[in-house]
Amino acid sequence: MNRLAILFFFAALLPQVALAQAAESVRPEIGKPLQAAQKLITEKKFKEALAEVVKVDAIKGLTPYEAFVTEQMRGAAASGAGDNATALKAYEAVLASGKLTPENRFRLMEAVAGTYLRDKNYAKSIEWLNKYRTEGGKNPITLNLVTQAYYLGGQYALAAKEAAAQIAATESAGGKPTEEQIKLLASAYVKQKDMAGYSSALEKMLRYHPKQEYWADAIQRTAAKPGFSDRLIIDMYRLLRATGTLEGSKDYMEMAQLAVQAVLLGEARAIVEEGYVKKVLGTGTEADRQQRLKNLIETRLVLDKKELAATDAAAAAAATGDPLIRTGLAYVTYGDAAKGLALMEQGLKKGGLKKPEEAKLRLGYAYYVAGQKDKAIQTFKTVAGKDGAADLARLWIMVCAR
């Protein structure tokens, strides 16, 4: 609750001090300075209003009700004057009086917690936020301040715990966590050097607030994990391309060259053509080298198409399913998804695969290329292992679900 909101709150809350309310009333010698203070508050003369309230302090024997009304007025005047220390002391006295309705009590607790947070007194802010939550406060904006208070106070583990709990509660209720909530969770993990936690937060960001910078970060971090197989670098590039984060001539050239090495000439040509359309390739000092690669791909592609049909029988006769996986993926990248997928499925069933998780990852990719996202997701969910294939598959599932 900001200062203006606090003033509106007290404007609604302040009683007409000269009149009796129920069985309680204010003596004239107390009512006079408080009425003067109330008038000055409406005129935004907060320091003068505070001086009027101070006059009441000289009067002895205040009843609980008179003290309650006085502290209400003091809080409003001090808040308007920017005297947070005095305002907070007054707020806490009003809360301790037991005379507020539950609704007004919650609103004032929000004000107290928010003021302490702005004053960087994180411990007191947390104390009041926890009281608010314990007593049944439900405002999600206020509850989110608990995470901020822990984070700003340097208690990163507790900040992460709070943020994770709030996000989980939102998800359980069928809601969507905010980008700021997830950012705070991710940052709290980073502060603890908990990269596994950070990666999990990043995946939530991709699920709920996908942006190119988040995709690039997630994919590159996956590829940088210990144990990530060099054989999967082309799969990393496939993800970058699918998420629009394949950038620069270096990325396009390297991905195209990897596709050539894998004898996936259809994929290589598509990558190079995309690079030229985007004007990432074909310009600058490397234009000649890029053109040579383009020419090489076109030449080899013609030969590969002629030879591909001859490999079908050999792939089918092989002892393992690996040749069927390779040949099938080639057909898919040439645009013959029906034939290619059938061969890849046959290869997976045949078994004896050197890298079964890699094979499943690429079958999932083939389904994605063919536009069969449901089958792609089902296949990606079966990918396991610790060489990076399972991590890439998890990201692919989110790509397919977009």
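Me: How many cavities of 30 Å³ or more does a search of the whole structure find?

Reply: On a 1 Å grid over the protein atoms alone, a cavity is a set of points where a 1.4 Å probe fits but cannot get out. Grid points are joined across faces, edges and corners, and a volume is the space filled by probe spheres set on the points. Here the search finds one cavity of 30 Å³ or more, and the largest cavity holds about 90 Å³ of space. This is a predicted model, in which local features need pLDDT of at least 70 and side-chain atom pairs count only at pLDDT 80 or more, while totals for chains, interfaces and linings use all residues. Residues are numbered from 1 along each chain as its sequence is written, and side-chain values use heavy atoms, with hydrogens and water left out.

Me: Which residues line the largest cavity?

Reply: Lining residues have an atom within 4 Å of a point. For the largest cavity they are Ser-199, Leu-202, Glu-203, Ala-218, Arg-221, Thr-222, Lys-225, Asp-391, Arg-394 and Leu-395. Ala, Val, Leu, Ile, Met, Phe, Trp, Tyr, Cys and Pro count as nonpolar, Asp, Glu, Lys and Arg as charged, and the others, Gly among them, as polar. By that scheme the cavity lining has three nonpolar, two polar and five charged residues. Helices (H or I, at least four residues) and strands (E, at least two) are DSSP runs, numbered from the N terminus. Helix 11 (195-208), helix 12 (212-223) and helix 21 (389-401) each give at least two residues to this lining.

Me: How much space lies in the largest pocket?

Reply: A pocket is an open set of points with protein on both sides within 12 Å along at least five of seven lines. The largest pocket contains about 730 Å³ of space. It is lined by 26 residues, and those closest to its centre are Arg-231, Ala-262, Arg-326, Glu-358 and Arg-362. Among the elements that give two or more residues to the lining are helix 14 (248-261) and helix 19 (356-369). Helix 17 supplies the largest share, seven residues. In this lining, 12 residues are nonpolar, three polar and 11 charged.

Me: How many residues of helix 13 are buried?

Reply: Eight of its 10 residues are buried, and the helix is mostly covered. The buried residues include Ile-234, Tyr-237 and Leu-240. Among the elements that cover them are helix 12, helix 15 (265-277) and helix 17. After helix 13 comes Gly-244, whose phi is positive, near 75 degrees.

Me: Finally, how many helices and strands does the chain have?

Reply: The chain has 21 helices and zero strands. Its radius of gyration, taken over C-alpha atoms, is 33 Å, well over the 21 Å that the globule rule (2.2 Å times the number of residues to the power 0.38) gives for 402 residues, so the chain is more spread out than a compact globule. Its C-alpha atoms fill a box of roughly 105 × 45 × 30 Å along the principal axes. Of the 402 residues, 48% count as buried.

Technical notes: Buried means under 20% relative accessible area, exposed over 50%, partly exposed in between (1.4 Å probe, protein chains only). Contact means heavy atoms within 4.5 Å.
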